[in-house]
Amino acid sequence: MSDTAVRAPLREPAGAQPPPRRVWTVALAGLGALLCSLDVVVVATALPALRADFGASLSDLEWTINAYNLVFACLTLTGAALGDRFGRRRMYVVGLTVFTLASAAAALAGGPGQLIGARVVQGAGAAVLLPLTLTLISEAFPAEKRGMAIGVWGGVTGLGVAAGPVLGGAVTEGLSWQWIFWLNVPIGLAMLPFAATRLRESFGARPQLDLVGLVLAAAGLTGLAWAPVRAPEVGWGSTEVLTALAVGIVFVTAFLGWERRGARHPMLPLAYFRRRRFSTANAAAFLLFGSLLGALFMITQLFQYGLGYSPLEAGVRILVWNATPLLVAPVAGALADRFGTRPFMLTGLLLQAAGLALLAWQVEPGVGYGRVVVPLIVAGIGISMVFPSVANAVTSSVPLGDAGIAAGVNNALRELGGVFGVAVAAAVFTTYGGYASPETFVDGCGPALWVTAGTAAAGAVVAAFSPGRGGG
(Lines give C-alpha, C1' and ligand atoms only; values in the text may rest on other atoms or scores of the structure.)
Protein backbone atom coordinates (compact mmCIF):
# COMPACT_ATOMS: atom_id res chain seq x y z
CA MET A 1 0.00 0.00 0.00
CA SER A 2 1.37 3.40 -0.89
CA ASP A 3 1.92 6.09 1.69
CA THR A 4 -0.71 8.21 -0.06
CA ALA A 5 -3.26 5.46 0.36
CA VAL A 6 -2.35 5.11 4.00
CA ARG A 7 -3.10 8.76 4.54
CA ALA A 8 -6.54 8.55 2.95
CA PRO A 9 -9.01 10.57 5.04
CA LEU A 10 -11.78 9.08 7.12
CA ARG A 11 -15.19 9.34 5.56
CA GLU A 12 -18.81 8.41 6.17
CA PRO A 13 -19.34 4.78 5.15
CA ALA A 14 -21.02 4.35 1.78
CA GLY A 15 -24.69 3.61 2.29
CA ALA A 16 -24.66 4.46 5.99
CA GLN A 17 -26.65 1.89 7.94
CA PRO A 18 -30.08 2.80 9.32
CA PRO A 19 -30.48 3.06 13.11
CA PRO A 20 -32.03 -0.44 13.65
CA ARG A 21 -29.08 -2.06 11.90
CA ARG A 22 -26.68 0.00 13.98
CA VAL A 23 -28.44 -1.07 17.18
CA TRP A 24 -28.04 -4.72 16.21
CA THR A 25 -24.40 -4.10 15.34
CA VAL A 26 -23.61 -2.52 18.72
CA ALA A 27 -25.58 -5.21 20.57
CA LEU A 28 -23.94 -8.17 18.84
CA ALA A 29 -20.48 -6.62 18.81
CA GLY A 30 -20.85 -5.78 22.48
CA LEU A 31 -21.98 -9.31 23.37
CA GLY A 32 -19.08 -10.78 21.41
CA ALA A 33 -16.66 -8.53 23.27
CA LEU A 34 -18.42 -9.43 26.54
CA LEU A 35 -17.81 -13.14 26.03
CA CYS A 36 -14.16 -12.62 25.09
CA SER A 37 -13.39 -10.25 27.97
CA LEU A 38 -15.38 -12.36 30.44
CA ASP A 39 -13.23 -15.39 29.73
CA VAL A 40 -10.04 -13.42 30.30
CA VAL A 41 -11.02 -12.89 33.95
CA VAL A 42 -13.76 -15.38 34.84
CA VAL A 43 -11.20 -18.07 35.62
CA ALA A 44 -9.35 -15.80 38.04
CA THR A 45 -11.76 -16.25 40.97
CA ALA A 46 -11.80 -20.01 40.41
CA LEU A 47 -8.00 -20.37 40.64
CA PRO A 48 -8.01 -21.60 44.28
CA ALA A 49 -10.75 -24.13 43.42
CA LEU A 50 -8.77 -25.37 40.43
CA ARG A 51 -5.69 -25.62 42.62
CA ALA A 52 -7.60 -27.78 45.12
CA ASP A 53 -9.54 -29.86 42.57
CA PHE A 54 -6.67 -30.71 40.22
CA GLY A 55 -3.74 -30.25 42.61
CA ALA A 56 -2.60 -27.60 40.13
CA SER A 57 0.76 -25.88 40.47
CA LEU A 58 1.36 -22.13 40.16
CA SER A 59 2.43 -22.81 36.56
CA ASP A 60 -0.86 -24.62 35.86
CA LEU A 61 -2.81 -21.70 37.31
CA GLU A 62 -0.90 -19.22 35.15
CA TRP A 63 -1.52 -21.33 32.05
CA THR A 64 -5.28 -21.44 32.57
CA ILE A 65 -5.18 -17.68 32.01
CA ASN A 66 -2.16 -17.34 29.76
CA ALA A 67 -3.01 -20.18 27.33
CA TYR A 68 -6.08 -18.18 26.34
CA ASN A 69 -4.25 -14.85 26.26
CA LEU A 70 -1.21 -16.19 24.40
CA VAL A 71 -3.19 -17.73 21.52
CA PHE A 72 -5.50 -14.72 21.51
CA ALA A 73 -2.51 -12.39 21.16
CA CYS A 74 -0.70 -14.45 18.52
CA LEU A 75 -3.68 -15.02 16.23
CA THR A 76 -5.66 -11.79 16.50
CA LEU A 77 -3.90 -10.21 13.50
CA THR A 78 -4.83 -13.37 11.59
CA GLY A 79 -8.44 -13.06 12.73
CA ALA A 80 -8.66 -9.46 11.52
CA ALA A 81 -7.10 -10.42 8.16
CA LEU A 82 -9.53 -13.33 7.71
CA GLY A 83 -12.44 -10.97 8.33
CA ASP A 84 -11.15 -8.53 5.72
CA ARG A 85 -10.66 -11.31 3.16
CA PHE A 86 -13.66 -13.61 3.68
CA GLY A 87 -16.19 -11.23 5.20
CA ARG A 88 -16.44 -9.78 8.68
CA ARG A 89 -19.92 -11.11 9.38
CA ARG A 90 -19.00 -14.59 8.14
CA MET A 91 -15.83 -14.76 10.23
CA TYR A 92 -17.62 -13.32 13.27
CA VAL A 93 -19.98 -16.31 13.07
CA VAL A 94 -17.03 -18.70 12.66
CA GLY A 95 -15.18 -17.21 15.64
CA LEU A 96 -18.30 -17.34 17.80
CA THR A 97 -18.88 -21.00 16.88
CA VAL A 98 -15.31 -22.02 17.73
CA PHE A 99 -15.45 -20.09 21.01
CA THR A 100 -18.74 -21.72 22.02
CA LEU A 101 -17.57 -25.28 21.26
CA ALA A 102 -14.28 -24.71 23.08
CA SER A 103 -16.20 -23.47 26.14
CA ALA A 104 -18.02 -26.80 26.26
CA ALA A 105 -14.70 -28.64 25.98
CA ALA A 106 -13.27 -26.59 28.88
CA ALA A 107 -16.27 -27.48 31.04
CA LEU A 108 -15.70 -31.18 30.31
CA ALA A 109 -11.95 -31.08 31.09
CA GLY A 110 -10.74 -33.77 33.48
CA GLY A 111 -7.38 -32.27 34.36
CA PRO A 112 -5.15 -29.22 33.96
CA GLY A 113 -3.81 -30.35 30.56
CA GLN A 114 -7.25 -30.80 29.03
CA LEU A 115 -8.45 -27.48 30.45
CA ILE A 116 -5.42 -25.64 29.12
CA GLY A 117 -5.92 -27.27 25.69
CA ALA A 118 -9.54 -26.12 25.59
CA ARG A 119 -8.45 -22.64 26.60
CA VAL A 120 -6.06 -22.62 23.63
CA VAL A 121 -8.99 -23.27 21.25
CA GLN A 122 -11.08 -20.68 23.07
CA GLY A 123 -8.31 -18.16 22.49
CA ALA A 124 -8.29 -18.98 18.77
CA GLY A 125 -12.03 -18.33 18.55
CA ALA A 126 -11.69 -15.09 20.48
CA ALA A 127 -8.81 -14.00 18.21
CA VAL A 128 -11.26 -14.02 15.30
CA LEU A 129 -14.24 -12.72 17.25
CA LEU A 130 -12.96 -9.75 19.24
CA PRO A 131 -11.16 -7.64 16.59
CA LEU A 132 -14.21 -7.98 14.34
CA THR A 133 -16.49 -6.54 17.03
CA LEU A 134 -14.62 -3.23 16.82
CA THR A 135 -14.41 -3.40 13.03
CA LEU A 136 -18.17 -3.94 12.69
CA ILE A 137 -18.85 -0.86 14.82
CA SER A 138 -16.32 1.26 12.92
CA GLU A 139 -17.89 0.24 9.61
CA ALA A 140 -21.44 0.92 10.83
CA PHE A 141 -20.93 4.41 12.31
CA PRO A 142 -19.52 7.63 10.84
CA ALA A 143 -16.45 9.07 12.54
CA GLU A 144 -18.35 11.80 14.40
CA LYS A 145 -20.64 9.24 16.09
CA ARG A 146 -18.16 6.44 16.56
CA GLY A 147 -16.90 7.54 19.99
CA MET A 148 -20.31 7.06 21.60
CA ALA A 149 -20.73 3.63 20.00
CA ILE A 150 -17.22 2.57 21.02
CA GLY A 151 -17.96 3.90 24.50
CA VAL A 152 -20.96 1.56 24.73
CA TRP A 153 -18.74 -1.25 23.42
CA GLY A 154 -16.16 -0.35 26.07
CA GLY A 155 -18.85 -0.33 28.76
CA VAL A 156 -20.05 -3.80 27.78
CA THR A 157 -16.44 -5.00 27.65
CA GLY A 158 -16.06 -3.54 31.12
CA LEU A 159 -19.15 -5.47 32.19
CA GLY A 160 -17.30 -8.64 31.23
CA VAL A 161 -14.33 -7.59 33.33
CA ALA A 162 -16.66 -6.62 36.17
CA ALA A 163 -18.89 -9.68 36.02
CA GLY A 164 -16.01 -12.12 35.64
CA PRO A 165 -14.83 -12.31 39.26
CA VAL A 166 -18.39 -12.16 40.66
CA LEU A 167 -19.76 -14.71 38.22
CA GLY A 168 -16.74 -16.95 38.65
CA GLY A 169 -17.04 -16.74 42.43
CA ALA A 170 -20.80 -17.31 42.52
CA VAL A 171 -20.70 -20.23 40.12
CA THR A 172 -17.63 -21.82 41.72
CA GLU A 173 -19.15 -21.58 45.18
CA GLY A 174 -22.77 -22.39 44.28
CA LEU A 175 -22.22 -25.00 41.56
CA SER A 176 -18.71 -25.86 40.40
CA TRP A 177 -15.93 -24.22 38.41
CA GLN A 178 -17.08 -26.12 35.28
CA TRP A 179 -20.18 -23.94 35.05
CA ILE A 180 -18.12 -20.80 34.41
CA PHE A 181 -17.58 -22.32 30.95
CA TRP A 182 -20.98 -23.94 30.48
CA LEU A 183 -22.61 -20.51 30.74
CA ASN A 184 -20.95 -19.44 27.48
CA VAL A 185 -22.65 -22.20 25.53
CA PRO A 186 -26.33 -21.08 25.56
CA ILE A 187 -25.31 -17.44 25.09
CA GLY A 188 -23.18 -18.31 22.06
CA LEU A 189 -25.84 -20.54 20.55
CA ALA A 190 -28.49 -17.82 20.99
CA MET A 191 -26.27 -15.21 19.32
CA LEU A 192 -25.39 -17.25 16.22
CA PRO A 193 -28.64 -16.90 14.24
CA PHE A 194 -28.85 -13.16 14.93
CA ALA A 195 -25.23 -12.63 13.92
CA ALA A 196 -25.85 -14.48 10.66
CA THR A 197 -28.95 -12.45 9.77
CA ARG A 198 -28.70 -9.03 11.44
CA LEU A 199 -25.10 -7.99 10.77
CA ARG A 200 -24.19 -6.35 7.48
CA GLU A 201 -21.46 -8.13 5.53
CA SER A 202 -18.37 -6.09 4.72
CA PHE A 203 -14.86 -6.72 3.45
CA GLY A 204 -11.47 -5.07 3.82
CA ALA A 205 -9.40 -3.45 1.12
CA ARG A 206 -7.02 -6.39 0.59
CA PRO A 207 -8.17 -8.95 -1.99
CA GLN A 208 -5.71 -11.67 -0.88
CA LEU A 209 -4.39 -13.01 2.39
CA ASP A 210 -0.78 -12.25 3.21
CA LEU A 211 0.02 -15.89 4.05
CA VAL A 212 3.74 -15.32 4.55
CA GLY A 213 2.98 -12.42 6.88
CA LEU A 214 0.46 -14.51 8.83
CA VAL A 215 3.02 -17.26 9.47
CA LEU A 216 5.83 -14.87 10.38
CA ALA A 217 3.62 -12.81 12.71
CA ALA A 218 2.19 -15.88 14.47
CA ALA A 219 5.64 -17.42 14.99
CA GLY A 220 7.17 -14.17 16.21
CA LEU A 221 4.38 -13.31 18.62
CA THR A 222 4.35 -16.87 19.97
CA GLY A 223 8.05 -16.66 20.80
CA LEU A 224 7.71 -13.27 22.47
CA ALA A 225 4.69 -14.41 24.50
CA TRP A 226 6.10 -17.84 25.39
CA ALA A 227 9.15 -16.37 27.12
CA PRO A 228 7.39 -14.43 29.92
CA VAL A 229 4.85 -17.22 30.43
CA ARG A 230 7.59 -19.79 31.11
CA ALA A 231 10.07 -17.50 32.85
CA PRO A 232 8.55 -17.67 36.37
CA GLU A 233 8.97 -21.46 36.37
CA VAL A 234 12.25 -22.03 34.49
CA GLY A 235 13.96 -18.66 35.00
CA TRP A 236 14.60 -15.70 32.72
CA GLY A 237 18.14 -16.90 32.05
CA SER A 238 17.09 -20.42 31.03
CA THR A 239 17.83 -21.78 27.57
CA GLU A 240 14.11 -22.19 26.87
CA VAL A 241 13.24 -18.57 27.65
CA LEU A 242 16.25 -17.09 25.87
CA THR A 243 15.59 -19.27 22.81
CA ALA A 244 11.93 -18.23 22.74
CA LEU A 245 12.89 -14.56 22.92
CA ALA A 246 15.46 -14.99 20.16
CA VAL A 247 12.98 -16.84 17.93
CA GLY A 248 10.36 -14.18 18.58
CA ILE A 249 12.71 -11.33 17.73
CA VAL A 250 13.96 -13.06 14.55
CA PHE A 251 10.47 -13.80 13.24
CA VAL A 252 9.05 -10.39 14.15
CA THR A 253 12.01 -8.75 12.40
CA ALA A 254 11.41 -10.96 9.36
CA PHE A 255 7.70 -10.07 9.48
CA LEU A 256 8.44 -6.34 9.51
CA GLY A 257 10.89 -6.73 6.62
CA TRP A 258 8.37 -8.73 4.62
CA GLU A 259 5.58 -6.22 5.26
CA ARG A 260 7.84 -3.34 4.24
CA ARG A 261 9.28 -4.78 1.03
CA GLY A 262 7.92 -8.18 0.02
CA ALA A 263 4.19 -8.31 0.63
CA ARG A 264 1.95 -7.43 -2.32
CA HIS A 265 -1.02 -6.95 0.04
CA PRO A 266 0.56 -6.35 3.49
CA MET A 267 -1.54 -7.32 6.49
CA LEU A 268 0.05 -4.50 8.49
CA PRO A 269 0.87 -1.19 6.73
CA LEU A 270 3.90 -0.10 8.73
CA ALA A 271 3.35 3.53 7.81
CA TYR A 272 0.61 3.59 10.46
CA PHE A 273 3.25 3.41 13.17
CA ARG A 274 4.58 6.77 11.99
CA ARG A 275 1.27 8.21 13.14
CA ARG A 276 1.65 9.34 16.71
CA ARG A 277 -1.99 8.67 17.59
CA PHE A 278 -1.80 5.07 16.36
CA SER A 279 1.55 4.19 17.95
CA THR A 280 0.97 5.84 21.33
CA ALA A 281 -2.53 4.38 21.70
CA ASN A 282 -1.27 0.87 21.00
CA ALA A 283 1.66 1.25 23.41
CA ALA A 284 -0.74 2.54 26.07
CA ALA A 285 -3.02 -0.47 25.46
CA PHE A 286 -0.08 -2.87 25.98
CA LEU A 287 0.83 -1.27 29.30
CA LEU A 288 -2.81 -0.89 30.40
CA PHE A 289 -3.50 -4.61 30.05
CA GLY A 290 -0.14 -5.57 31.53
CA SER A 291 -1.10 -3.62 34.62
CA LEU A 292 -4.75 -4.73 34.67
CA LEU A 293 -4.31 -8.48 34.25
CA GLY A 294 -1.24 -8.62 36.47
CA ALA A 295 -3.20 -6.88 39.23
CA LEU A 296 -6.28 -9.04 38.67
CA PHE A 297 -4.20 -12.23 38.90
CA MET A 298 -2.95 -11.15 42.33
CA ILE A 299 -6.04 -9.43 43.77
CA THR A 300 -8.46 -12.32 43.17
CA GLN A 301 -6.12 -14.63 45.05
CA LEU A 302 -5.34 -12.02 47.74
CA PHE A 303 -8.98 -11.72 48.71
CA GLN A 304 -9.37 -15.49 49.02
CA TYR A 305 -6.03 -16.91 50.12
CA GLY A 306 -4.61 -13.86 51.87
CA LEU A 307 -7.77 -12.41 53.44
CA GLY A 308 -9.88 -15.56 53.78
CA TYR A 309 -12.95 -14.68 51.68
CA SER A 310 -14.95 -17.28 49.78
CA PRO A 311 -14.93 -17.13 45.95
CA LEU A 312 -18.30 -15.32 45.90
CA GLU A 313 -17.34 -12.94 48.69
CA ALA A 314 -14.11 -12.12 46.85
CA GLY A 315 -15.93 -11.51 43.55
CA VAL A 316 -18.47 -9.17 45.14
CA ARG A 317 -15.76 -7.16 46.89
CA ILE A 318 -13.77 -6.80 43.68
CA LEU A 319 -16.87 -5.42 41.95
CA VAL A 320 -16.14 -1.87 43.15
CA TRP A 321 -13.01 -2.03 40.97
CA ASN A 322 -14.27 -3.85 37.90
CA ALA A 323 -17.84 -2.55 37.61
CA THR A 324 -16.85 1.04 36.94
CA PRO A 325 -16.32 0.58 33.15
CA LEU A 326 -20.02 -0.16 32.75
CA LEU A 327 -20.84 3.30 34.13
CA VAL A 328 -17.86 5.41 33.12
CA ALA A 329 -16.74 4.04 29.73
CA PRO A 330 -19.80 5.19 27.68
CA VAL A 331 -19.48 8.71 29.12
CA ALA A 332 -15.73 8.79 28.48
CA GLY A 333 -16.26 7.57 24.90
CA ALA A 334 -18.82 10.29 24.18
CA LEU A 335 -16.66 13.03 25.71
CA ALA A 336 -13.65 11.84 23.71
CA ASP A 337 -15.57 12.74 20.54
CA ARG A 338 -15.69 16.29 21.84
CA PHE A 339 -12.38 16.79 23.65
CA GLY A 340 -10.12 14.20 22.04
CA THR A 341 -8.73 10.94 23.39
CA ARG A 342 -5.47 12.11 24.99
CA PRO A 343 -6.96 13.66 28.18
CA PHE A 344 -8.86 10.46 28.93
CA MET A 345 -5.96 8.10 28.22
CA LEU A 346 -3.56 10.16 30.31
CA THR A 347 -5.89 10.80 33.25
CA GLY A 348 -7.16 7.23 33.23
CA LEU A 349 -3.71 5.66 33.36
CA LEU A 350 -2.63 8.05 36.12
CA LEU A 351 -5.69 7.09 38.16
CA GLN A 352 -5.06 3.40 37.57
CA ALA A 353 -1.44 3.81 38.70
CA ALA A 354 -2.46 5.80 41.77
CA GLY A 355 -5.17 3.32 42.76
CA LEU A 356 -2.92 0.28 42.47
CA ALA A 357 -0.09 2.06 44.31
CA LEU A 358 -2.48 2.91 47.17
CA LEU A 359 -3.62 -0.71 47.22
CA ALA A 360 -0.05 -2.02 47.34
CA TRP A 361 0.69 0.38 50.20
CA GLN A 362 -2.31 -0.92 52.18
CA VAL A 363 -1.65 -4.63 51.67
CA GLU A 364 -0.44 -6.27 54.88
CA PRO A 365 -1.49 -9.28 56.98
CA GLY A 366 -4.93 -8.73 58.49
CA VAL A 367 -5.80 -5.68 56.36
CA GLY A 368 -9.55 -4.95 56.38
CA TYR A 369 -11.68 -4.53 53.27
CA GLY A 370 -12.50 -0.94 54.20
CA ARG A 371 -8.89 0.08 53.63
CA VAL A 372 -8.78 -1.22 50.04
CA VAL A 373 -12.15 0.04 48.73
CA VAL A 374 -11.02 3.54 47.77
CA PRO A 375 -7.88 2.36 45.93
CA LEU A 376 -9.97 -0.15 43.97
CA ILE A 377 -12.51 2.51 42.96
CA VAL A 378 -9.80 4.96 41.88
CA ALA A 379 -8.10 2.30 39.74
CA GLY A 380 -11.45 1.23 38.27
CA ILE A 381 -12.37 4.75 37.17
CA GLY A 382 -8.98 5.02 35.51
CA ILE A 383 -9.40 1.77 33.58
CA SER A 384 -12.88 2.89 32.50
CA MET A 385 -11.52 6.07 30.93
CA VAL A 386 -8.78 4.27 29.00
CA PHE A 387 -10.82 1.41 27.46
CA PRO A 388 -12.87 3.45 24.94
CA SER A 389 -10.24 6.16 24.47
CA VAL A 390 -7.59 3.73 23.24
CA ALA A 391 -10.01 1.91 20.93
CA ASN A 392 -11.29 5.19 19.47
CA ALA A 393 -7.78 6.57 18.98
CA VAL A 394 -6.61 3.45 17.14
CA THR A 395 -9.57 3.10 14.77
CA SER A 396 -9.84 6.83 14.06
CA SER A 397 -6.17 7.07 13.05
CA VAL A 398 -6.54 4.85 9.96
CA PRO A 399 -8.78 4.84 6.87
CA LEU A 400 -12.15 3.17 7.43
CA GLY A 401 -11.27 0.18 5.24
CA ASP A 402 -8.33 -0.67 7.50
CA ALA A 403 -10.24 -0.48 10.78
CA GLY A 404 -10.04 -4.28 11.02
CA ILE A 405 -6.26 -4.27 10.77
CA ALA A 406 -6.04 -1.47 13.34
CA ALA A 407 -8.32 -3.38 15.72
CA GLY A 408 -6.25 -6.53 15.19
CA VAL A 409 -3.00 -4.75 16.07
CA ASN A 410 -4.61 -3.20 19.13
CA ASN A 411 -5.98 -6.51 20.38
CA ALA A 412 -2.69 -8.33 19.74
CA LEU A 413 -0.77 -5.79 21.81
CA ARG A 414 -3.44 -5.75 24.53
CA GLU A 415 -3.27 -9.51 24.95
CA LEU A 416 0.52 -9.58 24.78
CA GLY A 417 0.51 -6.94 27.50
CA GLY A 418 -1.76 -9.16 29.59
CA VAL A 419 0.56 -12.15 29.14
CA PHE A 420 3.60 -10.12 30.19
CA GLY A 421 1.66 -8.57 33.07
CA VAL A 422 0.60 -11.90 34.60
CA ALA A 423 4.08 -13.39 34.09
CA VAL A 424 5.89 -10.43 35.67
CA ALA A 425 3.44 -10.26 38.60
CA ALA A 426 3.87 -14.00 39.23
CA ALA A 427 7.66 -13.72 39.04
CA VAL A 428 7.75 -10.86 41.59
CA PHE A 429 5.28 -12.72 43.82
CA THR A 430 7.40 -15.88 43.92
CA THR A 431 10.53 -13.81 44.65
CA TYR A 432 9.08 -12.23 47.80
CA GLY A 433 6.35 -14.65 48.93
CA GLY A 434 4.47 -17.87 48.23
CA TYR A 435 1.57 -20.09 49.22
CA ALA A 436 3.02 -21.42 52.49
CA SER A 437 0.64 -19.25 54.58
CA PRO A 438 -1.63 -16.20 54.21
CA GLU A 439 1.21 -14.10 55.61
CA THR A 440 3.72 -15.27 53.02
CA PHE A 441 1.14 -14.72 50.30
CA VAL A 442 0.67 -11.11 51.39
CA ASP A 443 4.46 -10.69 51.51
CA GLY A 444 4.63 -11.48 47.79
CA CYS A 445 1.41 -9.76 46.75
CA GLY A 446 2.43 -6.27 47.85
CA PRO A 447 5.57 -6.03 45.68
CA ALA A 448 3.70 -7.56 42.73
CA LEU A 449 1.02 -4.86 42.99
CA TRP A 450 3.69 -2.14 43.15
CA VAL A 451 4.97 -3.43 39.80
CA THR A 452 1.48 -3.28 38.26
CA ALA A 453 1.16 0.31 39.46
CA GLY A 454 4.49 1.16 37.84
CA THR A 455 3.34 -0.42 34.58
CA ALA A 456 0.26 1.84 34.53
CA ALA A 457 2.45 4.86 35.29
CA ALA A 458 4.63 3.98 32.30
CA GLY A 459 1.46 3.90 30.20
CA ALA A 460 0.61 7.41 31.39
CA VAL A 461 4.02 8.64 30.22
CA VAL A 462 3.29 7.17 26.77
CA ALA A 463 -0.20 8.69 26.70
CA ALA A 464 1.27 12.12 27.40
CA PHE A 465 2.92 12.01 23.96
CA SER A 466 -0.34 11.24 22.17
CA PRO A 467 -1.47 14.10 19.88
CA GLY A 468 -4.27 16.38 20.95
CA ARG A 469 -7.62 16.65 19.22
CA GLY A 470 -7.10 16.95 15.49
CA GLY A 471 -3.46 15.85 15.68
CA GLY A 472 -2.08 12.90 13.69
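Reader: Where is Phe-344 placed?
Author: Phe-344 sits in helix α15, residues 342–362. A helix here is a DSSP run of H or I with at least four residues, a strand is an E run of at least two, and both are numbered from the N terminus. The model is predicted: local features need pLDDT of at least 70, side-chain atom pairs count only at pLDDT 80 or more, and totals for chains, interfaces and linings use all residues. Residues are numbered from 1 along each chain as its sequence is written, and side-chain values use heavy atoms, with hydrogens and water left out.

Reader: Why is Phe-344 called buried?
Author: Its relative accessible area is 11%. Buried means under 20%, exposed means over 50%, and partly exposed lies in between, using a 1.4 Å probe and protein chains only. Since 11% is under 20%, Phe-344 counts as buried.

Reader: What is Phe-344 in contact with?
Author: Leave aside neighbours within four places in sequence. Phe-344 is then in contact with Ala-332, Leu-335, Ala-336, Phe-339, Met-385, Val-386 and Ser-389. Contact means heavy atoms within 4.5 Å.

Reader: How far apart are Phe-344 and Ile-383 in space?
Author: The distance is 9.9 Å, C-alpha to C-alpha. Along the sequence they are 39 residues apart.

Reader: What makes Ile-383 buried?
Author: A relative accessible area of 3%. That is under the cut-off, so the word applies. Ile-383 belongs to helix α16, residues 373–396. It touches Leu-292, Trp-321, Gly-348 and Gln-352, not counting residues up to four places away in sequence. Ile-383 and Leu-292 are 91 residues apart in sequence, yet their C-alpha atoms are 8.1 Å apart in space.

Reader: Is Gly-418 buried or exposed?
Author: Buried, because its relative accessibility is 0%. Gly-418 is in helix α17, residues 403–432. Setting aside neighbours within four places, its contacts are Asn-66, Phe-289, Gly-290 and Leu-293.

Reader: What makes Thr-452 buried?
Author: Its relative accessible area is 2%, so Thr-452 falls under the limit. Thr-452 lies in helix α18, residues 438–464. It touches Ser-291, Gly-294, Ala-295 and Leu-356, again without residues up to four places away.

Reader: Why is Trp-182 called partly exposed?
Author: Its value is 26%. That lies between 20% and 50%, so Trp-182 is partly exposed. Trp-182 is in helix α8. It touches Ala-104, Ala-107 and Leu-108, not counting residues up to four places away in sequence. Its C-alpha is 6.5 Å from that of Ser-103, which is 79 residues away along the chain.

Reader: Why does Leu-183 count as partly exposed?
Author: Its relative accessibility is 32%, so Leu-183 falls in the middle class. Leu-183 is found in the loop between α8 (179–182) and α9 (184–198).

Reader: What makes the nonpolar surface patch?
Author: Leu-175, Trp-179 and Leu-183 make a patch of about 300 Å². Patch residues have over 30% relative accessible area and no salt bridge; like charges are joined within 9 Å, and nonpolar side chains (Val, Leu, Ile, Met, Phe, Trp, Tyr) within 5 Å. A salt bridge is a side-chain nitrogen of Lys or Arg within 4 Å of a carboxyl oxygen of Asp or Glu. Leu-183, at 32%, passes the 30% rule.

Reader: What is the largest nonpolar core?
Author: A nonpolar core is a set of buried Ala, Val, Leu, Ile, Met, Phe, Trp, Tyr and Cys residues joined through side-chain atoms within 4.5 Å. The largest one has 81 residues. Those with the most contacts inside it are Phe-181, Met-298, Ile-299, Leu-302, Phe-303, Trp-321 and Leu-449. Helix α12, residues 276–306, gives the most to this core, with 15 residues. A second, separate core has 33 residues, including Val-26, Ala-127, Met-191 and Ala-391.

Reader: What does Ile-299 touch?
Author: Ile-318, Trp-321, Leu-359, Leu-376 and Leu-449, leaving out residues up to four places away in sequence.

Reader: How many helices and strands does the chain have?
Author: There are 18 helices and zero strands. Buried residues make up 59% of the 472 residues.

Technical notes:
Accessible areas come from the Shrake-Rupley method with a 1.4 Å probe; for residues, only the protein chains shown count as cover.
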